[in-house]
Amino acid sequence: MKILIINGPNLNMLGLREPEIYGKQSYSSLCELIDESCRELGVEHEIFQSNHEGVIVDKIQDAYGKFDGIVINPAAYTHTSVAILDALKAVSIPTVEVHISDINSRDEFRKHSYISLAAIKTVMGLGFNGYKIAIEHLYELLK
């Protein structure tokens with residue numbers, strides 16, 4: 001079993017960017033948690049981060065036939081990217097959407113997620129632990 005974990009724009013700035021919303025832990029700490037979660041389950045994985053929408057679309061398309069599941073935190077693209085939605089629909093790889101914060105308790109424009117239209121599950125508001133839950137959900141679904 002192989003899972004692709006995609007992180008969108010500004011997640012590389014975790015720990016610096018709005019710590020009152022996203023916490024004080026760094027992106028490397030998030031990657032360590034993901035690595036540990038996958039290792040515990042015996043799941044192969046790749047972690048990918050980009051600030052560029054087209055690069056994320058390319059990565060999703062390239063995942064076809066190579067990955068069994070996707071965990072995606074599209075960050076700001078959650079609310080704007082029909083292109084990422086369409087890429088996820090095109091590859092039909094089971095996808096879990098994850099958000100560190102609870103997007104439903106934030107700005108009005110953040111309450112809409114295009115990505116949820118393709119995701120089998122959305123995990124939000126649980127901090128970094130949301131990634132662990134998303135990975136576990138895919139593992140149970142795919143095993």
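Is Ala75 buried or exposed? Ala75 is buried, at a relative accessible area of 15%. Buried here is under 20% relative accessible area, exposed is over 50%, and partly exposed lies in between, with a 1.4 Å probe and protein chains only.

Some housekeeping. This is a predicted model, where local features need pLDDT of at least 70 and side-chain atom pairs count only at pLDDT 80 or more, while totals for chains, interfaces and linings use all residues. Residues are numbered from 1 along each chain as its sequence is written, and side-chain values use heavy atoms, with hydrogens and water left out.

The whole chain, then. It has five helices and five strands, in the order β-α-α-β-α-β-α-β-β-α along the sequence. Helices (H or I, at least four residues) and strands (E, at least two) are DSSP runs, numbered from the N terminus. The radius of gyration is 14 Å, close to the 15 Å from the globule rule for 143 residues, so the chain is as compact as a globular protein of that length. That radius is taken over C-alpha atoms, and the rule is 2.2 Å times the number of residues to the power 0.38. Along the principal axes, the C-alpha atoms fill a box of roughly 35 × 30 × 25 Å. Of the 143 residues, 43% count as buried. Contact means heavy atoms within 4.5 Å. Among contacts between residues at least 6 apart in sequence, 76% join residues at least 24 apart.

Next, the interior. In soluble globular proteins, nonpolar side chains tend to be buried together. A nonpolar core is a set of buried Ala, Val, Leu, Ile, Met, Phe, Trp, Tyr and Cys residues joined through side-chain atoms within 4.5 Å. The largest one has 22 residues, of which Leu14, Val71 and Tyr131 touch the most other members. Strand S1 (2-7), helix H2 (27-41), strand S4 (95-99) and helix H5 (129-142) each supply at least two residues of this core. H2 gives the most, with five residues. Leaving aside neighbours within four places in sequence, Leu14 has contacts that include Tyr22, Leu30, Ile100 and Phe128. A second, separate core has 17 residues, among them Val57, Ala63, Ile70 and Ile84.

Now a helix pair. The axes of H3 (residues 53-62) and H4 (residues 82-91) come within 9 Å and cross at roughly 5°. This makes H3 roughly parallel to H4. Axes are lines fitted to C-alpha atoms, for helices over the stretch in contact, with angles from 0 to 180 degrees between N-to-C directions. Under 35 degrees counts as roughly parallel, over 145 as roughly antiparallel, 65 to 115 as roughly perpendicular, and the rest as oblique. H3 brings Glu53, Ile56, Val57, Ile60 and Gln61 to the contact, and H4 brings Ala83, Ile84, Ala87, Leu88 and Val91.

Back to Ala75, in the loop between strand S3 (69-73) and H4. Ala75 has a positive phi of about 55° although it is not a glycine. Ser92 also has a positive phi, of about 50°, and is not a glycine. Ser92 sits in the loop between H4 and S4 and is exposed, at 59% relative accessible area.

Last, His79. This residue lies in the loop between S3 and H4 and counts as buried, at 13% relative accessibility. Beyond its neighbours within four places in sequence, His79 is in contact with Ile103, Phe109, Arg110, His112 and Tyr114.
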